[in-house]
Amino acid sequence: MMNHPPPRHHGPTPRRPNIGLSPDWAQPADSAFPRYELKVPYAEAVLRAGGLPFVLPYTDDASCVDAYLERVSGIVVTGGAFDIPPSAYGEEVREGMGPLKEGRTAFEAQLIRGALKRNLPVLGVCGGMQLLCVVLGGTLFQDILREVPGARDHEQKHDRTQPQHPVEVKNGTLLAEAVGHGQLMVNSTHHQAVNKPGTDVAVSALSPDGVVEAIESTAHAFALGVQWHPELMLSTIPVHLGVYKSLVQKAREHRR
């Protein structure tokens, strides 16, 4: 029986950059205290992509936000079951608007602005993509079914680890570098969507009904938003990990 030598590691293990994640906020009926909440798949996706995930508690102290951004190499702005105040993009509330979490939105907007100012890599997921759009000067449809003629229902009722519909990923984009160009199957859990993308913002994926499914800034090294939840499909459609791998790689490059 032959003895095989242990495998050799070529060079040092790539450094794991710190990735800040924005949590959700909830007030349970059976508790006097609110909670920060983060779905495990967000952290798992960052870990599997080679990063170190850190949860960033809310603050309205600008110096605290600056301190967060000095300690991380990239951020993930997560999704949640709430909407962005229309006043943030210069509009009035229309029929179909959902609940708001204004404290969370204010913190995440400040976090995104600070990250973009430093050219730190930013990934916006679902509602995080919509906020990235607004911060970059864009607007939103407040309710897809009421405001987008011919649009399908984008709130799937089945298991979110399974896809709902295809999107077309445009060639030559950051997203195409991450997952390839052409058709990609995605899940779908949103009732709002990007209307006007904003200044220096490219649309990098569309669903068959014309709804914007991904955006990216052309003025920053890596500011990408995806309307779906790639972290929920790592087992069913593994190519989605590429979104997080791209964030982590850009974060690794950002830090000297």
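Which residue with a positive phi follows H4? Select Gly137: this glycine comes after H4 and has a phi near 95 degrees. The model on screen is predicted, and residues are numbered from 1 along the chain.

**Helix H4**

Now select H4, residues 127–135. Of its 9 residues, 8 are buried, so the helix is largely enclosed by the rest of the structure. The buried ones are Gly128, Met129, Gln130, Leu131, Leu132, Cys133, Val134 and Val135.

Step back to Cys126, which sits in the loop between strand S6 (122–125) and H4. Cys126 is not a glycine, yet its phi is positive, about 55 degrees. Its relative accessible area is 6%, so Cys126 is buried because the limit for that class is under 20%.

**The cavity**

The structure has 1 cavity of 30 Å³ or more, and the volume of the largest cavity is about 60 Å³. To see its lining, select Val77, Gly79, Gly80, Phe82, Ile84, Thr105, Glu108, Gly127, Gly128 and Leu131. Which helix gives the most to this lining? H4 does, with 3 residues. Helix H3 (102–118) also supplies at least two. By type, the lining residues are 4 nonpolar, 5 polar and 1 charged.

**Salt bridges**

Next, show charged side chains. Side chains of opposite charge can pair when their charged atoms come close. The whole structure has 10 salt bridges.

Select Arg94 first. One of its partners is Glu91, with the closest N and O atoms 2.8 Å apart. Arg94 is partly exposed at 34% relative accessibility, and Glu91 is partly exposed at 22%. Arg94 also forms a salt bridge with Glu147, where the closest N and O atoms are 2.9 Å apart. Arg94 is in the loop between strand S5 (74–77) and H3, while Glu147 is in helix H5 (residues 144–147), so this pair ties together parts 53 residues apart in sequence.

Then select Glu95 and Arg146, a salt bridge whose closest N and O atoms are 3.6 Å apart. This pair, too, links distant parts of the chain: Glu95 is in the loop between S5 and H3, Arg146 is in helix H5, and they are 51 residues apart. Is Glu95 buried or exposed? Glu95 is exposed, with a relative accessible area of 61%.

Select Leu47, Leu52 and Phe54, which make a nonpolar surface patch of about 240 Å². Leu52 belongs to strand S4 (residues 52–55) and counts as partly exposed at 33% relative accessibility.

The last stop is Asp200, in the loop between strand S10 (193–194) and strand S11 (201–206). Asp200 is a residue other than glycine with a positive phi, near 55 degrees. At 44% relative accessibility, Asp200 counts as partly exposed, whereas Cys126 is buried.

Technical notes:
Predicted model: local features only at pLDDT ≥ 70, side-chain atom pairs only at ≥ 80, totals over all residues. Heavy atoms only, no water. 1 Å grid on protein atoms, 1.4 Å probe; cavity = no way out; pocket = protein on both sides within 12 Å on 5 of 7 lines; lining within 4 Å. Points joined across faces, edges and corners; volume = space filled by probe spheres on them. Helix = DSSP H or I, 4+ residues; strand = E, 2+ residues; numbered from the N terminus. Nonpolar A, V, L, I, M, F, W, Y, C, P; charged D, E, K, R; others polar. Patch = residues over 30% accessible without salt bridge, like charges linked within 9 Å, V, L, I, M, F, W, Y side chains within 5 Å. Areas by Shrake-Rupley, 256 points an atom, 1.4 Å probe, with all protein chains shown as cover. Salt bridge = Lys/Arg side-chain N within 4 Å of Asp/Glu carboxyl O. Buried < 20%, exposed > 50% of the residue type's maximum accessible area, 1.4 Å probe, protein only.
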